[in-house]
Amino acid sequence: MKEQDLDFLKLALDQAQAAGERGEVPVGAVLVAAEGEVLAEAGNRIVELRDPTAHAEMQVLRAGAARLRNERLIATTLYVSLEPCAMCTAAISFARVARLVYAASDPKGGAVEHGARLFEQPTCHHRPEIERGALAEEAGELLRAFFRARR
């Protein structure tokens, strides 16, 4: 894991916290250019936007592509508080993100190391470098607290 990864993961956790405070499932993402510039930050906005695709990852991929004026996010790193789902994992591949760094694993809904394991499929044309596990406890606690409050 690179030195700045923890700082950017903390930004993703801040976005996750803000999403939870808005009543969204607390997942946050940050997209960073190779030189370390933050291109986009977002938390889930599925409920707010009434959009099932408004996951944090999808929002930063869209914003990053718009900002760079390129659908290929070559040399970028995506930081996420939770292992991406199948939709987001496919979008990460299509966008050609260079690195994916996520905090908590998601055995139920993740598609990187769980479920479909999309990056391992022969039909996957691009697989980013993957780092996982840093700040997993903090990210997991955000999710546990969110769902505990709703039960």
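How many disulfides does a search of the whole structure find? The search turns up zero, where a disulfide would be a pair of cysteine sulfur atoms within 2.5 Å. Keep in mind that this is a predicted model, in which local features need pLDDT of at least 70, side-chain atom pairs count only at pLDDT 80 or more, and totals for chains, interfaces and linings use all residues. Residues are numbered from 1 along each chain as its sequence is written, and side-chain values use heavy atoms, leaving out hydrogens and water.

- Cys 88 is in no disulfide, and its nearest cysteine sulfur, from Cys 85, sits 3.8 Å away.
- Cys 124 is in no disulfide either; for this one the nearest cysteine sulfur belongs to Cys 88, 14 Å away.

**Helix 1 and helix 5**
- The axes (lines fitted to C-alpha atoms over the stretch in contact, with angles from 0 to 180 degrees between N-to-C directions) of helix 1 (residues 5–21) and helix 5 (residues 136–150) come within 10 Å and cross at roughly 5°.
- That makes the two helices roughly parallel, a label for angles under 35 degrees.
- Helices here are DSSP runs of H or I with at least four residues, and strands are E runs of at least two, numbered from the N terminus.
- On the helix 1 side, Leu 13, Ala 16, Gln 17 and Gly 20 meet residues of helix 5 including Phe 146 and Arg 150, contact being heavy atoms within 4.5 Å.

**Leu 39**
- Leu 39 belongs to strand 2 (residues 38–43).
- Leu 39 is buried, at 8% relative accessible area; buried means under 20%, with a 1.4 Å probe and protein chains only.
- Not counting residues up to four places away in sequence, Leu 39 touches Leu 31, Val 32, Ala 33, Arg 67, Leu 68 and Thr 76.

Notes: Angles under 35 degrees count as roughly parallel, over 145 as roughly antiparallel, 65 to 115 as roughly perpendicular and the rest as oblique. Buried means under 20% relative accessible area, exposed over 50%, partly exposed in between (1.4 Å probe, protein chains only).
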